[in-house]
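Here is a model to walk through with the coordinates open beside you. Let's take it one piece at a time.

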Amino acid sequence: MSPITFILVTQGIHGLAYGLLLFLVASGLTMIFGLMDILNLAHAYFFMLAAYFCYAIAGATDFWVALIVAPVATAILGMLVERYLIRRVHAFGHIPQLVLTVGIGMVLVEAVKAFWGTQSLMVQTPKILSGHVPFGPLEYPVYRLFIIAFTILILLAMVQLFSKTRFGTIVRAATTNADMVGALGINVPLIFTLFFGFGTWLAGLAGVVVAPLLSVFPGLADQVGLDAFVVVVVGGLGSLWGAFVAAILIGLLNSYGVQFVPTIAPLITFLLMAVVLSVKPTGLFGKRQ
Amino acid sequence: MKSSRMNRMMFVALLVVGFFIMGMPASGLAVNSSFDPSKMSDMSGFDPNTVVQPTGDTFKLGYMQILSGPAAANGELFWPVVNWVAYDLNKRGGILVDGKRKMIQIIKGDTQGKPAATKQEAERLCLEEKVNVLWGTSGSHLAKIISDVSNKYKVPFVNCLSLSDELMDAKNFKRYTFQTVSDTTQWNMAMAYFFKNRPQDKRFSILCQDYLYGHSMANAFKKALAEYRPDAKIVSEDYHGLWLKDFAPFLTKVMAAKPDILYTGDWMPDGDNLLKQARNMGLNVPIANIYITNPEAWKAVGVEGSKNLLICYQFMSGDTPQTPAQKMIMKAWHKQWLKWKEPYNKLIYAWPDFVIGQTLSDTYWLFDVIQRAGTTNPEKIISTWEGDQYGSIQGVRTMRAQDHQALFDMYVGVTTYPTKQVYPGALYSKGYAGVHKVTVIPEKYCTPPIPEGLKNRLMK
């Protein structure tokens with residue numbers, strides 16, 4: 001393999017891994033907005049909280065237990081937040097939701113500081129995912145390949161869930177016409193709570209997956225949240241496929257930008273957002289309201 | 001006869017004493033004062049979670065740090081340091097200033113990591129709380145603001161954390177500010193000098209944060225390396241945004257350049273993330289750094305991943321304390337740490353090494369100067385500190401009078417495994433590498449030049 005091909009392939013895989021990680025963070029956010037019309041700016045903070053849960057659980061047991069338990073714990077908290085807080089302001093529009101969810105985010109940050117302090121915490125990469133896999137002349141970290149495979153698996157599972165299952169059908173129907181679905185005897189508020197929990201569960205999954213790569217610290221939400229927000233906006237608010245495409249695009253542009261135009265690489269994500277929104281203000285796959 | 005013999009004996013005795021005194025500078029005993037470990041209080045009651053600040057007629061130290069926001073880890077990190085010193089000295093009866101014994105009171109000032117908040121808090125501490133001295137801070141841009149405020153209100157400011165060369169240059173120098181931490185030039189001279197004796201390291205990659213500090217560090221390193229190792233080659237140079245999430249694209253470029261050494265000035269969390277992701281990607285070259293000293297990060301990458309970190313700092317113990325005072329402090333602190341609860345029970349607080357040891361040593365120096373000055377009058381404190389030579393916990397510190405920059409030997413430690421017990425029953429590190437061998441970089445090889453414009457400051 002020639003050096004330039006090697007670079008192109010390696011940076012491409014990096015971009016794919018990073019992009020899919022962003023997708024995992026952003027997917028819950030865009031689904032909650034798209035289907036429930038809730039602007040949940042606390043989403044990145046649930047992601048951060050899950051990383052802390054992962055630290056605590058993995059420290060006591062192992063990473064695999066944390067991968068199951070931490071997202072579920074985050075989802076339960078998410079459902080409680082939706083049931084007792086967000087539901088109260090849902091009818092009043094996006095501004096109250098924004099204010100409330102920003103406040104929830106602040107509370108979560110202070111809570112993690114109170115429990116775990118402010119220092120950076122570390123989660124070890126599980127042994128089975130450490131090491132490298134040979135791809136011809138290339139040796140690629142197993143953990144990044146795990147991120148790629150795991151996220152694609154989750155995406156396929158989501159597609160199956162919402163297109164092939166009864167729950168998915170009910171969710172889609174309820175978000176289209178809640179009154180009619182309610183009239184059919186289905187507990188629509190419960191469905192919304194469960195769906196919000198599902199979105200938060202996705203944030204929790206992302207938090208666990210990211211923990212072996214990054215330091216777990218109170219600024220983790222800010223560190224990742226902005227990129228996730230850009231993914232949602234570029235992809236189109238509410239579009240899962242839009243978030244997927246946007247995330248991959250951003251990941252690849254980031255990697256190749258660092259390789260070939262490092263001085264402007266930090267700007268590329270925002271340049272992309274500016275270009276997309278100027279051509280299509282609703283995002284790549286967004287629909288006009 | 002008898003009296004002339006007595007006179008001869010007196011003469012010889014005086015001669016011996018005279019030679020002894022004259023020989024003192026050569027023997028390195030010409031310090032004005034030293035940290036005396038035998039006088040340290042019983043610290044068995046010290047717990048940073050439960051410190052109670054004295055009130056009344058106290059000596060007030062304004063603790064200017066980032067106490068809230070994403071970088072609040074900085075404020076948390078040094079809280080035990082200042083309170084340890086205060087607790088120790090208070091237990092001895094306080095410090096003798098202005099003819100009275102005063103307890104030391106630590107008053108917090110939250111910079112929030114923002115210039116406006118820093119100015120506001122510094123002014124509040126000076127004008128409302130009437131602190132006697134300001135202590136801080138993380139962030140050279142914030143240290144500059146505190147320096148300006150301290151100069152305006154004539155309150156001494158000890159900068160023991162911010163490295164930028166600009167802080168004490170001719171343009172920004174302020175009489176009331178004393179910098180006890182190495183500046184960027186000093187640090188990089190030491191790091192580059194270390195490689196003078198490692199001819200096998202020829203190819204260097206630089207990866208730093210993309211802002212003033214990162215570029216300053218890189219530029220200073222390149223300059224110093226060109227002087228001490230003209231045969232060395234910079235094979236790659238990149239700068240990344242702060243709080244980078246994915247180092248992989250940068251590390252791929254580094255790996256393609258095939259360096260012998262990766263140099264970085266990154267601080268937390270970037271430094272820790274760089275280490276994790278580099279080792280995860282199979283980049284196992286030694287990493288020359290200043291701030292990748294968080295044992296949590298070392299533990300996360302395991303034994304192999306934590307080996308070969310080349311850490312340069314002005315305070316370093318590792319598993320082999322360099323001085324009796326350092327050994328005593330390491331033992332006393334670690335024994336207490338074993339009892340601390342969240343958040344101070346984390347590994348980063350386990351040993352008073354690197355930046356924790358340095359700030360601890362500098363804070364003792366500060367109070368030693370104040371006690372020798374015998375007053376809270378800032379002018380007397382300044383005149384006592386200028387030109388001072390102090391035997392610190394680790395080595396002699398000299399406060400250069402012209403620019404108020406402290407000078408000292410620097411140290412470079414290489415992490416290896418296993419490490420030894422610092423004292424019986426207390427292993428320095430378990431499950432990860434730690435600093436064992438420490439190389440001393442003598443002061444003369446890492447003394448920055450006096451800034452132009454300040455050379456004749458005291459002659460005016």
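Start with Phe354(B), which sits in helix H11 of chain B (helices are DSSP runs of H or I with at least four residues, strands are runs of E with at least two, both numbered from the N terminus). Its phi is near 50°, a positive value in a residue other than glycine. Most residues other than glycine have a negative phi, and most peptide bonds are trans. Phe354(B) counts as buried, with 24 C-beta neighbours inside 10 Å. Buried here takes 20 or more other C-beta atoms within 10 Å of the residue's own, exposed takes 12 or fewer, and partly exposed is in between, with C-beta atoms placed from the backbone.

Before going further, some housekeeping: this is a predicted model, where local features need pLDDT of at least 70, side-chain atom pairs count only at pLDDT 80 or more, and totals for chains, interfaces and linings use all residues. Residues are numbered from 1 along each chain as its sequence is written, while chains are lettered from A and ligands numbered from 1 in the order in which they are written.

Gln112(B) also has a positive phi, about 55°, although it is not a glycine. You'll find Gln112(B) in the loop between strand S5 (104-110) and helix H3 (115-127) of chain B, and it is buried, with 20 other C-beta atoms within 10 Å. Chain B has cis peptide bonds to look at too. One joins Gly136(B) and Thr137(B), with omega about -25°; Thr137(B) is in the loop between strand S6 (133-136) and helix H4 (140-153) of chain B. Another runs from Met268(B) to Pro269(B), with omega near -5°, and Pro269(B) belongs to the loop between S11 and helix H8 (270-280) of chain B.

Now for the sheet. Chain B has an open sheet of seven strands in the order S10-S9-S11-S12-S13-S17-S20, with mixed pairing; two strands pair if DSSP finds at least two bridges between them. Strand S10 (233-240) and strand S20 (434-441) of chain B are at the edges with a single partner strand each, so one side of each has no neighbour in the sheet. S9(B) and S10(B) pair in the parallel sense over seven bridges, and Cys208(B) has Tyr239(B) in S10(B) as its bridge partner. Six of the seven residues of strand S9 (residues 203-209) of chain B are buried, so S9(B) is largely enclosed by the rest of the structure.

Over in chain A, look at how two helices pack. The axes of helix H3 (residues 63-89) of chain A and H4(A) come within 8 Å and cross at roughly 150° (axes are lines fitted to C-alpha atoms, for helices over the stretch in contact, and angles run from 0 to 180 degrees between N-to-C directions). Val81(A), Leu85(A), Ile86(A) and Val89(A) of H3(A) meet Pro96(A), Gln97(A), Leu100(A) and Ile104(A) of H4(A), where contact means C-beta atoms, placed from the backbone, within 7 Å.

Finally, how many residues of each chain are in contact with the other? The count is 35 residues of chain A and 33 residues of chain B. On the side of chain A that touches chain B, H1(A) gives the most, with five residues.

How values were computed: Two residues are in contact if their C-beta atoms, placed from the backbone, lie within 7 Å.
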